[in-house]
Amino acid sequence: QQLQIGPQAWLLRGLALAHEAELLADLATVLQQAPLRHMVTRGGRRMSVQTSSCGAWGWTSSPNGYAYSAVDPQSGLPWPAMPDSMRQLGTMAAQAAGFAGFAPDSCLINQYLPESKMGLHQDRDESDFTQPIVSVSLGMSALFMWGGLARSDKVQTVHLHHGDVVVWGGQDRLRFHGVRRLLGPAHPQLGPRRINLTLRRARG
Ligand code: MD3
Ligand code: FE
């Protein structure tokens, strides 16, 4: 089921379900090498979401701000390689939404517990905003909000469920968005948490 939620934004309901077992196994391997940790906002506050990355570039925060780094600052090692399951799902979903040839070089992993949320923000740390972002929701459902190009624009809400994939490109790429809260029961496999993968082209 494909739902167009913006001029160049598509919600591909359940697209990840066919790859669920491989995604979850690969996710566990990545998180063993690069554990989840709380990043810090630009304002110096600890984010309620926990984050890790895989691929050539990983998203990091420091007192100097946000940046993509080739090295996990916590281990001093390169980020784990991006598993084929994640890379291929990103490329396939982008293609289905009209972005042929998307080759992600970074996968940001966010973990939400029932009390976690993510305030409205834009994703502006990537070098090329013509490249889409593909998001994969796993585990508990979430109330996702997305607005316009100005923070004060009206926001719409969308429920994201286990297995849903969203592709954001073109004029929708810089929309403000966030996660208001998690919804309803714990997930049978993942328990009381939500994992969101975002496949990105961070550089080049
Ligand atoms: C709309 N993550 O990691 S995914 C983030 O559910 C982030 O963890 C949320 O926002 C999450 O930056 C939302 C959906 C998403 C991702 C990127 C976008 C929506 C987007 C970029 C532009 C517009
Ligand atoms: Fe974001």
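Five strands each contribute at least two residues to the shell around ligand 1: S7 (106–112), S8 (118–121), S9 (133–139), S13 (177–183) and S14 (194–200). Of these, S14 provides the largest share, with four residues. The structure described here is a predicted model.

In total, 19 residues surround ligand 1. The closest of them are Asn110, Tyr112, Arg173, His177 and Arg194. By residue class, the shell around ligand 1 consists of seven nonpolar, six polar and six charged residues.

Polar contacts to oxygen atoms of ligand 1 involve several side chains. For Arg194, an N or O atom of the side chain lies 2.8 Å from an oxygen atom of ligand 1. The corresponding distance for a side-chain N or O atom of His177 is 2.9 Å, again to an oxygen atom of ligand 1. In the case of Asp123, a polar side-chain atom is found 3.1 Å from an oxygen atom of the ligand. Of the 490 Å² of accessible area that ligand 1 has on its own, the protein covers 98%.

The C-alpha trace spans about 40 × 35 × 35 Å along its principal axes. The radius of gyration of the chain is 16 Å, which agrees with a compact globule, because a globule of that kind with 204 residues would have a value near 17 Å.

Technical notes:
Residues are numbered from 1 along each chain as its sequence is written. Chains are lettered from A and ligands numbered from 1 in the order in which they are written. This is a predicted model: local features need pLDDT of at least 70, side-chain atom pairs count only at pLDDT 80 or more; totals for chains, interfaces and linings use all residues. Side-chain values use heavy atoms; hydrogens and water are left out. A residue is near a molecule or strand if one of its heavy atoms lies within 4 Å of it. A polar contact is a pair of N or O atoms within 3.5 Å; within protein, one must be able to donate a hydrogen and the other to accept it, and residues adjacent in sequence count only if both atoms are side-chain atoms. Accessible areas come from the Shrake-Rupley method with a 1.4 Å probe; for residues, only the protein chains shown count as cover. Ala, Val, Leu, Ile, Met, Phe, Trp, Tyr, Cys and Pro count as nonpolar, Asp, Glu, Lys and Arg as charged, and the others, Gly among them, as polar. The radius of gyration is taken over C-alpha atoms; the globule rule is 2.2 Å times the number of residues to the power 0.38.
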